[in-house]
Amino acid sequence: MAVEDKLRTARIVSVVASTAVALSCGTNYVYSAYAPQLAERLHLTTTESNWIGTFGNLGMYLSGIPAGMLVDSKGPRPAIMIGAVSLFVGYYPIYLAFVSGKGSMSVAALCFFAGISGMGSCCAFNASMKAAVLNFPSHRGTASALPLSAFGLSAFFFSLLSSTLFPGDTASFLLLLAIATSSIVFISFFFLRVLPAPNAYSVIQTTRDNSNKLHRTKSGETRQRPQAEPGMNYTTITGSSSREGAQVNGEPVTETSSILSSSSSDDNVEDEDPEICSTHPVDGVHHGYHVDIRGWALTRSVDFWLYWTILGVMTGIGLMTINNIGHSVQALWSKYLPDTDPKVVQTRQAMHVSILSICSFTGRIFAGVSSDILVRSYQAQRFWLVTASTILFCIAQVCALSVETPHWLFLVSGISGLAYGMLFGVYPTIVSEVFGLHGMSQNWGTMTIGAVICGQIFNFCYGRIFDSHSTFVPGRPSECTEGIMCFRDAYFITLFASAAGLVLGLFIIRRNRRLAKGLATDED
């Protein structure tokens, strides 16, 4: 029991470290808090400002596949260190450019360094998620909710820290992002480990004959026992009586053992609940232990393209609001009260970033925990939470098309943050169940490529529409004073896209039910 208590404590410390890492990785979402000031200082158009934000997202999502492959093959710790270095290398040059002013750095260079910061966030976040899930594999929804929610709360945390320590000082804010994010990730490196899961081992008496017994593999068996996770620490327990050693499911605990081995042997795998072994976790608890679909095999899966499309579209809609809420605040205040002090406008921008972040945090926590409750208590699909998220996105777009005074803009930022948080609070768990836990990081990186494409499309639309209503004076930054008309057409586009996402979500739920019934019929 003493060893088990120590392992439990170490697992909790590791999850806390994962949460701290994730808190430092969501700073891409704070970009809209300083984007207008950066554009004003460097005399950038809204489109150019959007390019910088977009490259931050590109760095985060395009590095998802290589970062996932690194985490899946080498464990989480190398990716954590890469993340710490990249966050500093990404943010510090942007801070220097802001201090130096117009002409000190090209837009291309700013985009490059924004991409580096995004890459650092991706590496560290992927590692934190994998560590949390592997430490508590039987409670993945809840375990992943902690780093996921911290990731969503990151923008609020750093925005609040900056407004408290350096109110109205954008340069100090950028320096804070460079130093604090990299330092937190670096310190967490020493506490983040992957340990055996609860009850992953048991001490049993064996004889030499039993320990060397060979099991025949069924000729028709297509499922394979997962291999050991890289970076995992294993413990061998020695009892007081004569024993060969600790065993997992009758197999010695070694560096090639898996903490995720099922309680039954491979000989009995055919007798398990068909829906648990299915790649469609419908009306049952599916841990993805016997599923391992990754790499090019994903492209041959209809499920992959369905899940990829809806995640890409809904993430792109959320990113458009997240990256541009600062410009929307500026446009509404410029028409509502043209003489408003710029510091007041900047405070309002930070407030909306905080609202987005807090609501995203709330959505992630709610989705992560409630998805486990849905599956375990009501035998319902986790994907219902994705559908609920698409409904909230639709409501947010309608609000954005209706709000003409800055005092009601909180409806847009609040509902968008909640929808975005719910989407990301449950989606990694769905991906791990449908395509397998052991390729989770790599598969998640592949899934988020859709976010890069759709996010770029929607951000480009917003920037072009905003610039088309802006006035350009040589030697001065561009400005739009038409209020809601500066960005309204962009939200017509995203309203249509969110409605399409809702239809697709309902189709996926219906399809999963039909496939589950078909599997049950085949078993009968």
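Leu374 sits in helix H12. Setting aside neighbours within four places in sequence, Leu374 contacts Gln379, Ala380, Gln381 and Leu385. Its C-alpha atom is 9.0 Å from that of Trp384, a residue ten positions away along the chain.

H12 covers residues 342-378, and Ser371 is part of it. Is Ser371 buried or exposed? Its relative accessibility is 0%, so it counts as buried. Its side chain has a polar partner: the side chain of Arg382, at 2.9 Å.

Asp372 forms a salt bridge with Arg382, and the closest N and O atoms are 3.0 Å apart. Asp372 belongs to helix H12, while Arg382 lies in the loop between H12 and H13, so this pair ties together parts ten residues apart in sequence. Arg382 also meets Glu433 through a side-chain salt bridge of 2.8 Å, N to O. Glu433 lies in helix H14 (residues 410-435) and Arg382 in the loop between H12 and H13, so here the parts tied together are 51 residues apart in sequence.

Asp372 has 7%, so it is buried. Arg382 is buried too, with a relative accessible area of 7%. Glu433 is likewise buried.

How many salt bridges does the structure hold? There are three. One of them joins Asp303 and Arg511, whose closest N and O atoms are 2.6 Å apart. Asp303 is in helix H11 and Arg511 in helix H17 (residues 488-523), so the bridge ties together parts 208 residues apart in sequence. Asp303 counts as buried because its relative accessibility is 7%. Arg511, with a relative accessible area of 13%, is also buried.

Now turn to the nonpolar packing. The largest nonpolar core has 126 residues. Which of them touch the most other members? They are Tyr29, Tyr34, Tyr61, Tyr307, Phe383, Tyr427 and Met447. Helix H11 (residues 302-336) gives this core its largest share, 17 residues. Tyr307 shows the packing residue by residue. Beyond four places in sequence, Tyr307 touches Phe383, Tyr427, Ile430, Val434, Phe435, Met447, Ile508 and Asn512.

Next comes helix H2, residues 31-42. Why is H2 described as largely enclosed by the rest of the structure? Ten of its twelve residues are buried. Those residues are Tyr31, Ser32, Ala33, Tyr34, Ala35, Pro36, Gln37, Leu38, Ala39 and Leu42. Tyr34 is also among the core residues that touch the most other members. The buried residues of H2 pack against several helices: H3 (46-62), H5 (76-100), H6 (107-135), H8 (170-188), H11 and H12. After H2 comes His43, which has a positive phi, near 55 degrees.

Step back to the whole chain. The protein chain has 17 helices and three strands. It contains 524 residues, and 57% of them count as buried. Take the contacts with a separation of 6 or more: 83% of them join residues 24 or more positions apart. The accessible surface comes to about 21,800 Å². Carbon and sulfur atoms account for 62% of that surface.

Finally, consider confidence. The chain averages a pLDDT of 79, and 78% of the residues score at least 70. Where is confidence lowest, and where is it highest? The lowest mean, 35, is in helix H10 (residues 274-277). The highest, 95, is in helix H13 (residues 383-402). Over residues 200-229 the pLDDT is below 50, and this stretch has 54 contacts in the model beyond near neighbours in sequence. Residues 282-288 also have a pLDDT below 50, with 32 such contacts in the model. Where pLDDT is low, the predicted coordinates should not be read in detail.

Definitions and conventions:
Residues numbered from 1 in each chain as written. Predicted model: local features only at pLDDT ≥ 70, side-chain atom pairs only at ≥ 80, totals over all residues. Heavy atoms only, no water. Helix = DSSP H or I, 4+ residues; strand = E, 2+ residues; numbered from the N terminus. Buried < 20%, exposed > 50% of the residue type's maximum accessible area, 1.4 Å probe, protein only. Polar contact = N/O pair within 3.5 Å; in protein donor to acceptor, adjacent residues only side chain to side chain. Core = buried A, V, L, I, M, F, W, Y, C linked by side-chain atoms within 4.5 Å. Contact = heavy atoms within 4.5 Å. Areas by Shrake-Rupley, 256 points an atom, 1.4 Å probe, with all protein chains shown as cover. pLDDT = per-residue confidence, 0-100. Salt bridge = Lys/Arg side-chain N within 4 Å of Asp/Glu carboxyl O.
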